[in-house]
Amino acid sequence: MINRSRNTILLERTGLVFALFVAVFTLIPYYWMLLGAFKSVPELNRIPPTFIVEKPTLNSFYDAKGELPPDHTRGLFQIYPGTEFGFFRYLFNSVFISASITVASLMIAALAAFVLAKHKFPGRDFFFLMFIASMMIPWQVTIIPNFLNVSDFGWIDSYWALLIPALPKAFALFFLRQYMLSLPDEMLEAGRLDGASEFRIFRSLVLPLVGPALVSMGLFIWLNEWNNLVWPLIVIRSEELRTLPLIMTTMVDPFSGATKQGVAMAAALLTSIPTLILFIAFQKQFIQGIAVTSVKG
Amino acid sequence: MSTKAVSVTAPPKVLKKTSASSVWIRAWRSRVSYIMLLPMFIPFFVFIIVPVFQSANVSFKDYSAVSTDESKYIGFDNYTELLSLQIREQTPLYDEESGERMYQCGRRKRPESEVAAYEAEEGKQCTVAFVSSRDLLGEGYREWKTYDLFGNNYVIGARDPRFWTAIVNTLYFVAYTVVGKLVLGLLVALILRKQSRVNYFLRMVFFLPSVTASIAVTVIWGWIFRGQSYGLLNNMLIENGIVSQPISFLNDPGWTMPVLVIMAIWGGFGYNMILFLAGLQNINQELYEVAAIDGAGPWASFRRITWPLLRPTTLYVVITSIIGGFQVFDSIYILYANSEGLGGPLDSGLTVVPYLYDKGFRLFQMGYASAIAWVLFIVIFFFTLINLRVGRVNEAY
């Protein structure tokens, strides 16, 4: 008896050590990013590298002295003179696109989910099946015709191309419908007896009750859109419409020196911060969203 | 108001038989439902349903930037071009006049009688020369790989060798990432299973990569794996005397896939951990207590209780990781956008989706790229079906 519990304790200790080891492995890239973003140019070039920033500076973001090698560089907010507002514009593009898609796609999905969960009408099951079946189609199949269609619409190189095709999210509809099925019919019926229209019932009764589901799904959609690389890559041509993932593709240059890496780390930091803030604020919903969607597959 | 009509569906007695007219009447009464469905349905129809059929259609066409007639149907040609393979045994080359066996010495081929003299003079070994694979393979085929099996040499030819390279690389990527993410995710889930503050903190740490912009992360890894001496990993390796020269992780074909796999495992195991933690929560704790009374150690209770009861989660994790692995694109694009054909050094990092992108959006062979997409779809669909079937079995028990 005593022997076994000692074994168990040993196992737990080993497990914890292993977990700490994995935690270091997980955090190294973040630490390296922070170091790189705040190092000065001479420190960036030092070999071996320093693991604590000796003189933290914001030069990789904005260097007031401009291009004065060897000690200075042009920061992230200075290297896009061709675009009005420079890097701010790209930050705005990403926030604007991701936020608009998240809100709009959630709204239309919730509306459709409400109808499919709580209304009875001819063809309902057919519509539902079609939405479900579409979730099996990988984006690689639709991307080529969508590119051709968007070209035909004349949307290439515009916000429309980024926004409109991203709106229909079948998985959001599926998730929200499952959630809405559990809403009591009596409550909706009471609303109807009070003379509320279906839109009103949706807005004032259904939406508030599915708030947690909306947050989980919203975070999920936001994250995907924030990371979306392929679609902007295909439909965006002009510099000022680029989103952050497109900027990041220019940051890995096998022949650039260490100095440029400082700017790259600054860009990586600013790209990852918004999602990290959201994650810290909504940890529970993030994790619930994953756990719940997986249970139903 | 007319909106009320929705709830006032006619009592079921009246509608025992669904005649055609009654369907239309019911549909008219449900018009509000349809109106509420439309904002979702219209973009869904335009950007998902229609494109699926368009994509299938285009995949049977010679639809490309260079073709003059975009509507020209070529049947299954795109698919046969993509999937054709040919295996031929390599036959030794003999001199046409003397009938002597030929050897490859440096750049030139020499008959057997001259080999000894050449080797003595140049100090280089000669190897057996084979009939060139171009003569062995059918028209339109190019050499993809040569194999030595039981002393016989084989040459595998393909009409599109790059596609097969992409397939092999993708399978490699899928195999290693699925196993890596599964094992690491399960291990940390088991370790952090109990509720405590430290465990909660560590869970958050492991989940961090799943919510960080993967695009940004690839840029950071790019610097860590850099070939020059200021790449973090190389620096540490050199300082600790493990290697003397920096390894060019990003430019050495042998390192391309391992680097991509490490990045993918780093980015994905935390997500699997969350799924496993959810699965572990559903296991009744009393089972472990009973097992402990029976004298079962940690390993026995894992093998007899945890592992079997986690099976549904494990299968879900494996299937979703496989599907995700087949679709890898971002990290390869970020690291190798400048390389020719988007495949990294010597196509060592070429996988299916970057190849599709290269064909479709760099070479503008839309028809061919669509065929690639459909081959990928069929593979993914196969795994989705397994997932659905397994899901049904789970519900049963």
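A salt bridge here is a side-chain nitrogen of Lys or Arg within 4 Å of a carboxyl oxygen of Asp or Glu. The model is predicted, so local features need pLDDT of at least 70 and side-chain atom pairs pLDDT 80 or more, while totals for chains, interfaces and linings use all residues. Residues are numbered from 1 along each chain as written, chains are lettered from A in the order written, and side-chain values use heavy atoms, without hydrogens and water.

**View 1. The salt bridge between chain B and chain A.** The count between these two chains is one salt bridge. Lys194(B) pairs with Glu12(A), and their closest N and O atoms lie 2.9 Å apart.

**View 2. The contact between chain B and chain A.** With contact meaning heavy atoms within 4.5 Å, 97 residues of chain B and 104 residues of chain A take part. The two chains bury about 9,100 Å² between them, 79% of it on carbon and sulfur atoms; this is accessible area (1.4 Å probe) lost on being put together, summed over both parts. Met36(B), Phe47(B) and Trp223(B) supply 10% of the area that chain B buries against chain A, more than any other three residues.

**View 3. Helix 14 of chain B.** Helices are DSSP runs (H or I, at least four residues), numbered from the N terminus. Of the 11 residues in helix 14 (residues 352-362) of chain B, 10 are buried, so the helix is largely enclosed by the rest of the structure. Buried means under 20% relative accessible area (1.4 Å probe, protein chains only). Among the buried residues are Tyr355(B), Asp358(B) and Lys359(B). Phe364(B), which follows the helix, has a positive phi, near 55°.

Key. Buried < 20%, exposed > 50% of the residue type's maximum accessible area, 1.4 Å probe, protein only. Helix = DSSP H or I, 4+ residues; strand = E, 2+ residues; numbered from the N terminus.
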